[in-house]
Amino acid sequence: MKHLQFVLVLAIAVNVWECGDAKFGERGEVSPRRRRCYDGSLPKRLKKRERKVLLDGSSSGEVCHRLYPRVSCCPTRRAAYQILHSRDARIFSTNNTECGHLLEEIKCARCSPNAQVLFQSFDMDKMPHREPDLPHLCKDFCREFYYTCRGHIPELFQADVDEFCQYYGRRDASLCFPDFQRKQPPRQDSNYLGDEQIEEFSRKHKHNCYCAQEVLSGLRQPVAVVHCGDGSQRLFVLEKEGIVRILNHNLELIKEPFLDIHKLVQNGLKGGDERGLLSLAFHPNYKKNGKLYISYTTNQERWAIGPHDHILRVVEYTISRKNINQVDTRTVRVLMEVAELHRKHLGGQLLFSPDGLLHIVLGDGMITLDDMEEMDGLSDFTGSVLRVDVDTDCCTSPYSIPRNNPYFNSTNQPPEIFAHGLHDPGRCAVDRLQTDNGSLFILCTDASGKNTSAGRILEIAMGKDYENEPSVYDLQSSGGAPPVGGFIYRGCQSRRLYGSYVFGDKNGNLRILQKSTLSTSASGEQWQEKALCLGSASSCGSMLVGNILGFGEDELGEVYILASSKSMTQSHSGKLYKLVDPKRPHAPKECQRQMEDPAPLMTACSRQCKNGHCTPTGKCCCSPGWEGPFCRVAKCEPACRNGGVCMEPNKCLCKSGYSGPQCETSEQGMPNDQEKDGILDHIMGMTSYLLDLTSYIV
């Protein structure tokens, strides 16, 4: 009898132990009778010696054995390897490291002892012969998988996140994947790599190379990456065709674009054609006034007299009062327009100085002496850095064209020429350290001449003529590739890169320019150029591939790189990389900055200015036909008559019995003077009737 009790207790213990590996889904415990492999067979228990042999192997199959070390439907390394490499390569292959890790885990779902439950067909009646690609995913894992891989496997993600997780998510209270305990990395700012990745990079890196961590792919001709400086740690990616997209603080792409003006933008499709969306700059007080400034090329407004190819336009927009992640396109205000002849050497970058003035960088536009004689006035602004005061209460109409210059259009007074003599300015960088101190230090890459690929780096200062002014550093031609301007690194992740100017060229070569005080020159300063080494994909997890299109910077001073692996303008081959130093200290304290949620506009002007636009100083400028403190009173010229009310500009709401644009005509069609006599007779008749009625009552 005792032996029988011992056998029963042992059997119960074994069954409970077998259930232990399958209770980490959202539902909890799973009955042992439901533990079946995908083909209906029973999973196999791995002995301790077998587990040690499998985990010590170096094949791809060890991933699955780490996830299911005790009970598995892949008892051998060969079986696990076949599981990993037998899936659809179109769906289960990617070059992104983070997405690749999630795909490897999902592939191992076939090795789960609960595979039959995880892969119950979603539409068995409609598609009885089709094997499901994905198991039932737990809610949190499904959203993580969607946002991590949607930019790398577009064939799989044809719907939004809610529809995708509704189809592939858990049904009712059934088991979901992952049905094992996942190791979650410590919660931290997503702009920084996890400690495990840092340790892996430090272990693999035995040299002084940096890493280009892939952040986003599938972009269409990206040209720049900027931040708004409101503490939300969002990144704004500009695409050349006229679309601005947002990456939130978790580096997740928001579905709806921040701004879409592709119908206004004239985009160049051929190589070397610089037309399109050029630049974006946020007002220094963007958190309060919601102002941003865009430059792009267009051909819609043909106001210029004489031959020209396109117009470079600078406009002001305001953020939407209802959606903090979208621009209200109705608030557009044109600041400046310049007519140009050619499609190269355009420039167009916008940047703010510490004093709040907007700087507009223009190229020479490939203008020749003959062009200058033919287009009088155009040479006054090409190849210049213009300075505009946008913090003004002026409400001038945006399309006032100065008579003395048919190729220039400005809202207010013509801008000040800050510097001139530029040829093909690339991206200019403002040193944020000097900006915090109240001074202005700008570095720009530029071509040495109109028809040369040799470049130079200029320190832009007020009143300088860079036709004769010496450059900070002369760049040698790198295979005919023009330079691409970057940023002065002021981040906190890399101490050895701090203060260096990071830039590159179109061929994908990265370089840095460092300032050294150990010099015998009169200025006491010397610039030194060095190649910036990038690690391989095996040591960094990803590597920079293709042509460099531009650079970006986040709120913390970290540098990003935009690249494209193909020259075809129609393909979505643009990628965003983050420059990472693998030898940095682990989780530096100075990098820990709390993220602030973006807040809607709360100023009185933004709330109450209904029929106009708010200036950066908070004044409500009325649109034509409106007046009053907040543009709520309509104007009718000439004024409404006979008691009519002006409801909309030049549109009167007439009282009963009157009609006409100014309510000047009665419904009987009587002239206005005869109408007055009729009214007096009517009043006298009513008075007589009331007197008779009163005497009768008395």
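Helices here are DSSP runs of at least four residues and strands are runs of at least two, both numbered from the N terminus. By that count, this protein has 15 helices and 35 strands. Keep in mind that the model is predicted.

First, the overall picture. The protein has 698 residues, and 47% of them are buried. Its accessible surface is about 35500 Å², with 51% of that belonging to carbon and sulfur atoms. If we take contacts between residues at least 6 apart in sequence, 57% join residues at least 24 apart.

Now the charges. Side chains of opposite charge can pair when their charged atoms come close. How many salt bridges does a search of the whole structure find? The search finds 19.

One of these pairs Arg490 with Asp431, with the closest N and O atoms 2.9 Å apart. Arg490 is in the loop between strands E21 and E22, and Asp431 is in the loop between strand E17 and helix H12, so the pair ties together parts 59 residues apart in sequence. Are these two residues buried or exposed? Both Arg490 and Asp431 are buried.

Next, Arg511 and Glu529 form a salt bridge, again with a closest N to O distance of 2.9 Å. Arg511 sits in strand E23 and Glu529 in strand E24, 18 residues apart. Arg511 is buried at 12% relative accessible area, while Glu529 is partly exposed at 26%. There is also a network: Asp273, Arg275 and Arg343 are joined by salt bridges that share partners.

Last, the surface. Arg321, Lys322, Lys610 and Arg632 form a positive patch. Of these, Arg632 lies in the loop between strands E30 and E31.

Key: Residues are numbered from 1 along each chain as its sequence is written. This is a predicted model: local features need pLDDT of at least 70, side-chain atom pairs count only at pLDDT 80 or more; totals for chains, interfaces and linings use all residues. Side-chain values use heavy atoms; hydrogens and water are left out. Patches are made of residues with over 30% relative accessible area and no salt bridge: like charges are joined within 9 Å, nonpolar side chains (Val, Leu, Ile, Met, Phe, Trp, Tyr) within 5 Å. Accessible areas come from the Shrake-Rupley method with a 1.4 Å probe; for residues, only the protein chains shown count as cover. A salt bridge is a side-chain nitrogen of Lys or Arg within 4 Å of a carboxyl oxygen of Asp or Glu. Lys and Arg count as positive and Asp and Glu as negative; His and the chain ends are not counted. The place of a charge is taken as NZ of Lys, CZ of Arg, CG of Asp or CD of Glu. Buried means under 20% relative accessible area, exposed over 50%, partly exposed in between (1.4 Å probe, protein chains only). Contact means heavy atoms within 4.5 Å.
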